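Visitor: I have a structure to look through and some questions about it. Could you guide me?

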Amino acid sequence: MIELSHAYKTFPGPVHALRNVDLSIQKGEFVFLTGPSGAGKTTLFKILCGFDQVTSGKAHVAGFELEKISSSDRPFFRRRIGVVFQDFKLISDQSAIENVMLPLIIQGEKKKSALEKAESLLVKVGLIDKRNQLPDVLSGGEQQRIAIARALIHQPPIIMADEPTGNLDSEKAEEIMNLLEECTDKGMTVFVITHDLELVRRRKKRIIAIKNGEIVKDGRA
Ligand SMILES: Nc1ncnc2c1ncn2[C@@H]1O[C@H](COP(=O)(O)OP(=O)(O)O)[C@@H](O)[C@H]1O
Ligand SMILES: [Mg+2]
């Protein structure tokens, strides 16, 4: 489902953000990516989401060869992944439920059916009573849960999340991790960046650790 081989990312400077990264993630796997600040986590994340490209090497995700994807194919690739950004990226003049519905509306789904799916996801993340609020008036943790509902709504085969529990208390963090874990039961592949090592240890999932742009560990807790 996700395959990187000899992947390098170099920024002007030069800054070697990724060096010779080899990575293979199967359908239905749940993987944590961890590492210190500046290790290259977000760089790797952006490449896997198609927001940035490798400098050299291969990056194949959901059947797309991202190192040479054309701009016309990019939107089709995007539909195949659900992305949870570290800073949420909610649309500020749209309500919670409109934000959650958005991926379906973009795909041309009927409003009524999009609304029903968004409602059931808002129930799942515990925010149905906030459905008509604008993001601004929601807490960081609430915005995070809206962002997660939005990433899940079109049932993409891959979910990518950058620090999805960073703004949540430990109880809410557990709930969100449970929700993400449930996705793998339906065959989704889940890729989560976190530096909450306690949470990672409890989950006993595959952990990839990165440091100075290199994978330094790939195994289980
Ligand atoms: N757009 C960019 N231009 C230049 N350097 C960058 C850019 N993005 C990231 N870097 C550098 O690449 C390295 C890895 O950054 P990043 O992937 O954001 O790390 P992490 O998410 O693990 O904290 C850092 O040294 C960072 O300064
Ligand atoms: Mg980062």
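Visitor: Which residue in S8 is the bridge partner of valine 31?
Guide: Strands here are DSSP runs (E, at least two residues), helices are DSSP runs too (H or I, at least four), and both are numbered from the N terminus. Two strands pair if DSSP finds at least two bridges between them. Strand S3 (residues 30–34) and S8 run parallel, joined by four bridges. In S8, the partner of valine 31 is phenylalanine 191.

Visitor: How should I read the numbering, and what kind of model is this?
Guide: Residues are numbered from 1 along each chain as its sequence is written, while chains are lettered from A and ligands numbered from 1 in the order in which they are written. Local features need pLDDT of at least 70, side-chain atom pairs count only at pLDDT 80 or more, and totals for chains, interfaces and linings use all residues, for this is a predicted model.

Visitor: Which residue in S8 is the bridge partner of alanine 161?
Guide: Look at strand S7 (residues 158–162), which runs parallel to S8. Five bridges join S7 and S8. The partner of alanine 161 is valine 192.

Visitor: How many of the residues of S8 are buried?
Guide: A residue is buried if 20 or more other C-beta atoms lie within 10 Å of its own, exposed if 12 or fewer, and partly exposed in between; C-beta atoms are placed from the backbone. In a regular strand the side chains alternate between the two faces of the sheet. In S8, Thr189, Phe191 and Ile193 point one way and Val190 and Val192 the other way, and all are buried. For strand S8 (residues 189–193), the count is five of five.

Visitor: Which strands stand at the edges of the open sheet, and why is one side of each left without a neighbour?
Guide: The sheet has four strands in the order S2-S1-S4-S5, with antiparallel pairing. Each edge strand has a single partner strand, so one side is left without a neighbour in the sheet; these edge strands are S2 and S5 (64–65).

Visitor: Which residue in S5 stands opposite histidine 60?
Guide: Strand S4 (residues 56–61) pairs with S5 in the antiparallel sense, over two bridges. Opposite histidine 60 stands glutamate 65.

Visitor: Which element gives the most to the shell around ligand 1?
Guide: A residue is near a molecule if its C-beta atom, placed from the backbone, lies within 6 Å of it. Ligand 1 is surrounded by residues including Phe11, Val15, Gly40, Lys41 and Thr42. Strand S2 (15–25) and helix H1 (41–49) each supply at least two residues of this shell. The most, three residues, comes from H1.

Visitor: How many residues of H1 are buried?
Guide: The helix is mostly covered. Its buried residues are Lys41, Thr43, Leu44, Phe45, Ile47, Leu48 and Cys49. Of the nine residues of H1, the number buried is seven.

Visitor: Which helix gives the largest share of the side of domain 1 that touches domain 2?
Guide: The assignment, automatic or from a database, gives domain 1 (1–80 + 156–221) and domain 2 (90–154). Two residues are in contact if their C-beta atoms, placed from the backbone, lie within 7 Å. The contact takes ten residues from domain 1 and ten from domain 2. Four residues on the domain 1 side, the largest share, come from helix H6 (residues 170–185).
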